[in-house]
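Hi,

Here is the structure I promised to pass on.

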Amino acid sequence: MARYVVHMSFDGDPRRLAARPAHREHLRRLKEQGRLVTAGPWADDSGALHVYEVADEAELRDILERDPYTAVDGYKIELLREWSPIM
């Protein structure tokens, strides 16, 4: 398994806010499956940071494609990188 960090930015589109409950349910399921380590928005809601534990980048991109935020073009990926935490 590999760990990936995704930094997203939001543009304030109201469609993203409408999709938020479905997005959070999607994240809850991923957490239960052990594929999401942690996730949350920046305090000013300008974006979010997610940490995933997946087989590879292809699996992560599939997860992102199925996120309800993707359907409404609700974010921009600022950073998607494999991460090697030491603690």
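Val6 counts as buried, because its relative accessibility is 0%; buried means under 20% relative accessible area, exposed over 50%, and partly exposed in between (1.4 Å probe, protein chains only). You'll find Val6 in strand β1. Helices (H or I, at least four residues) and strands (E, at least two) are DSSP runs, numbered from the N terminus. Leaving aside neighbours within four places in sequence, Val6 is in contact (heavy atoms within 4.5 Å) with Ala48, Leu49, His50, Tyr52, Leu60, Ile77, Leu79 and Leu80. The C-alpha atoms of Val6 and Val51 are 6.4 Å apart, although 45 residues separate the two along the chain.

Before you read on: this is a predicted model, so local features need pLDDT of at least 70 and side-chain atom pairs count only at pLDDT 80 or more, while totals for chains, interfaces and linings use all residues. Residues are numbered from 1 along each chain as its sequence is written, and side-chain values use heavy atoms, with hydrogens and water left out.

Helix α2 is worth a look. Its residues Leu60, Ile63 and Leu64 are buried. Seen down the axis of α2, they fall within an arc of 95° (taken from the directions from the helix axis to the C-beta atoms), so they line one face of the helix. On the other side of α2, Ala58 and Glu65 are exposed. The buried residues of α2 pack against β1, α1, β3, α3 (68-71) and β4 (76-83). Not counting residues up to four places away in sequence, Leu64 touches Met8, Tyr52, Thr70, Tyr75, Ile77 and Leu80.

What caps the N-terminal end of α2? That is Asp56, with a side-chain oxygen 3.3 Å from the backbone nitrogen of Ala58. A polar contact here is a pair of N or O atoms within 3.5 Å; within protein, one must be able to donate a hydrogen and the other to accept it, and residues adjacent in sequence count only if both atoms are side-chain atoms. Asp13, in the loop between β1 and α1, has a side-chain polar atom 2.8 Å from the backbone nitrogen of Arg15.

A search of the whole structure finds one aromatic pair: Phe10 and Tyr69, edge-to-face, 5.9 Å centre to centre with 85° between the planes. For such pairs, rings of Phe, Tyr and Trp (its six-membered ring) need centres within 6.5 Å; planes under 30 degrees apart count as stacked, over 60 as edge-to-face and the rest as tilted. The pair links distant parts of the chain, 59 residues apart, with Phe10 in the loop between β1 and α1 and Tyr69 in helix α3. Both are buried: Phe10 has a relative accessible area of 13%, and Tyr69 is at 2% relative accessibility.

Asp45, in the loop between β2 (36-41) and β3, has a positive phi of about 60°. Asp73, in the loop between α3 and β4, has a positive phi of about 55°. Most residues other than glycine have a negative phi.

Cheers
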